[in-house]
Amino acid sequence: MGRPRYFKATQGGNDDAGLFPEYSEGETRRAWENYVTGQPETGEVRSEIVQSWQRSMNLGVDATRLQSRKIERDEELRKLRRRNASLRQAARAAFARLEPHLAGAQVILILTDNNGVIIDAIGDHDVLDAGQNIHLEIGGVWNEDVIGTNGIGTALKTGKPTYVHAAEHFCQGVQAWTCAGVPIFDPFDRSVIGVVDLSGPPDIFRRHNIALVVAAAREIEIALAEQQREERTRLLETFLNSDASRPDTSVLLLDKVGRIMFRRGLDDRLHLPRPDFAVGHQLLPLSANMTEGDIRAALPRDIETDGITRLEFDGSLRGAALSLKRSTAIRPQDTVAVRIKPRANVDEDEIVIVGNAPKMLEAIELAERAASAGVTVLIQGETGVGKELFARLVHNRIDRKNAPYVTVNCAAISKELIGAELFGHVEGAFTGALRGGKPGKFEQADGGVLCLDEIGDMPVELQPYLLRALEQRAVYRIGDDQRRPVNVQLVAMTNRNLRSHVEQGRFRRDLFYRIGIVAIDVPPLRQRSGDVALLIDHFNSVFSDRFSRPRLVFAPAVMDRLKEYRWPGNVRELRNLVERLYLLKSGPEVGLNDLPPEIIEPADGLGFSHYVDVEEAPINLENMEAMTIRRAIQAEKGNLTRVAEQLGISRPTLYRKIKQYGIPRD
């Protein structure tokens, strides 16, 4: 049995009427001839094609041109492909998967950069050879400025999936081809960074094949997101291990091309007065050979720095950390809360996210960026850390006014009913179906945010339908074949390790990467002990107003004990503690005896961490601390991120202790 093919070659003749009912080769060619000779009548030609023809005319493109332009110098082409190494690497898996289906199918699959220059091409060898006649090959330039209306250039210009068939091309020399191009968006800032294009002779293409190219483009974007997540993690690790990571400094962290990927200690993190300090903005064109002096010279003149640190790993420059002077940024402790206003027509209090730990600031940055990009978000964290607050933050920051916010707890709905809950149903679809049918949560969330809590509990057999809804931006109600378009930003939340679920076959890998385009890890409270005092102060104010009582006064010994406690219930446990103190205490003074037993004398693993080793001598706090860190590094095989998590301290603290005690990292 042969390998299935996505494409079928027809034998003889042009079946254009069968391909596109609205397309007529003769009428389209006559309309093109009229248009390029100055006659505006375009007949039944699609409006997007006519608009592209007009752009081509305005650009002065020669409609009689027989081929596109090509980069001839090998060195220039090599540099171009090196600059796009990340894009090419991200496309490798998708191209390898499709390549067996293209051989002998008279089609080629093309990857271009953001200027429409072809950087990779695979497919039928005869078609690849024929493409050289019009420079549809590596090095060929296919933007609208050069060759007018075509699948690559028009997709770049519009930012939308585009197919251009035969006489719809603006230049006469390429009208013997048909092509479908889909833009590739950078997951970081949603800029168009390239195009995937499927091209071949007109008689073998079907319009619906553009869906295949859309899927390939999305697969590449998911691979890019995974690359960027890994790059970001390594860059943050490098930054935290550098002298620039001092907690009292305000910092802009730039990636390898000079875009801001993280900031700390800046005025109003989510509503900056300076747009050039926004995450995703390219502050300067960073390149591998720039020195610290070069970076300083390339900065805007009004940005003053106390220091610039080049961040290197894998033998090359991967970013830079800019320590800002107080004139450009304020102290981190001056901004500690992010406020989320109540939803329209919903009786609820203002939500406040309190925290100044680096991991919290990073999570807030990611939530804001995900909201502006409109991509799917995966929020991960232990029970009680406040995952739902970040879902609300994403909803609050999207541009659409009064956008709906719909929640579904995947663990609270039975396996049999969750499909109907998400996608809706028609009358008579199943026993108990409502008369007249019912829209699902996807339809209810159209134009807003759909929040799926405990997504790790979603049945495996339902996951392909969720994936299809996300890919197609449409749903089908149970018992119905009508396609219902929806525009929903999905926010998924879980306290489980989805990666391990993927390896165990309990969660689909493709869905995991689809929902995790932006992954937000909300840190547990034990990893942000510096925020405990801020949170206590916040909850003290909240409950003082609610109960109309004076604020509680926590004795210094109480504050010390609360800062040392590991908070297994996280922020929720801390909030409940403060509320309970308001309910139980008659006076404002809070002493140690007012705290619950689990905080005063915590059980192992729940409260304080007790490490004892009788083999080390002399026994003192420093020796015990150094020994504990050594053992944790050995147990975690040198993974310092996991070591910090196991010890319940921040990574900067861990790095400082390693340096203090001279502990080897291997």
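**Bridges, burial and ring pairs**

Colleague: Which residue is the bridge partner of Val408 in β18?
Modeller: Leu452 is the bridge partner of Val408 there. Bear in mind that this is a predicted model.

Colleague: How many bridges join β15 to strand β18?
Modeller: 5 bridges join β15 to β18 (residues 449-453). A pair needs at least two bridges, so β15 and β18 count as paired. The two strands run parallel.

Colleague: Why is one side of β15 and of β22 left without a neighbour in the sheet?
Modeller: The open sheet has 5 strands in the order β15-β18-β21-β14-β22, with parallel pairing. β15 (405-409) and β22 (518-521) are at its edges and have a single partner strand each, so one side of each lacks a neighbour in the sheet. From one strand to the next, the twist averages 20°.

Colleague: Which strands does helix α12 touch where it packs on the sheet?
Modeller: Helix α12 (residues 387-397) touches β14 (377-380), β15, β18, β21 (489-494) and β22. The direction of α12 makes about 170° with that of β21.

Colleague: What makes strand β6 mostly covered?
Modeller: In β6 (residues 178-185), 8 of its 8 residues are buried. Thr178, Ala180, Val182 and Ile184 point one way, Cys179, Gly181, Pro183 and Phe185 the other, and all are buried.

Colleague: In which sense do β6 and strand β7 pair, and over how many bridges?
Modeller: β6 and β7 (residues 192-200) pair in the antiparallel sense over 8 bridges. At least two are required, so these strands count as paired. Val182 has Val196 in β7 as its bridge partner. The two strands form a hairpin with 6 residues between them, and Arg190 in the turn has a positive phi of about 65°. Strand β5 (residues 162-165) is joined to β6 by 4 bridges and runs antiparallel to it, with Tyr163 opposite Ala180.

Colleague: How do you know that the charged end of Arg46 sits over the ring of Tyr163?
Modeller: The charged end of Arg46 is 3.8 Å from the centre of the Tyr163 ring. The limit is 6 Å, with a second condition of 35 degrees from the ring normal; Arg46 is listed as sitting over the ring.

Colleague: Why is the pair of Phe547 and Tyr582 called stacked?
Modeller: The ring centres are 6.1 Å apart and the planes are at 20°. Pairing requires centres within 6.5 Å, and planes under 30 degrees apart count as stacked, so this pair is stacked. Phe547 is in helix α18 (residues 532-547) and Tyr582 in helix α20 (residues 570-584), 35 residues apart. Phe543, Phe547 and Tyr582 form one aromatic cluster.

Colleague: Is Tyr582 buried or exposed?
Modeller: Tyr582 has a relative accessible area of 3%. The cut-off for buried is under 20%, so Tyr582 is buried. Phe547, with 28%, is partly exposed.

Colleague: Why is the pair of Tyr565 and Trp567 called edge-to-face?
Modeller: The centres of these rings lie 4.8 Å apart and the planes are at 80°. Over 60 degrees counts as edge-to-face, so that is the class of this pair. Both Tyr565 and Trp567 are buried.

Conventions: Residues are numbered from 1 along each chain as its sequence is written. This is a predicted model: local features need pLDDT of at least 70, side-chain atom pairs count only at pLDDT 80 or more; totals for chains, interfaces and linings use all residues. Side-chain values use heavy atoms; hydrogens and water are left out. Axes are lines fitted to C-alpha atoms, for helices over the stretch in contact, and angles run from 0 to 180 degrees between N-to-C directions. Contact means heavy atoms within 4.5 Å. Rings of Phe, Tyr and Trp (its six-membered ring) pair if their centres lie within 6.5 Å; planes under 30 degrees apart count as stacked, over 60 as edge-to-face and the rest as tilted. Buried means under 20% relative accessible area, exposed over 50%, partly exposed in between (1.4 Å probe, protein chains only).
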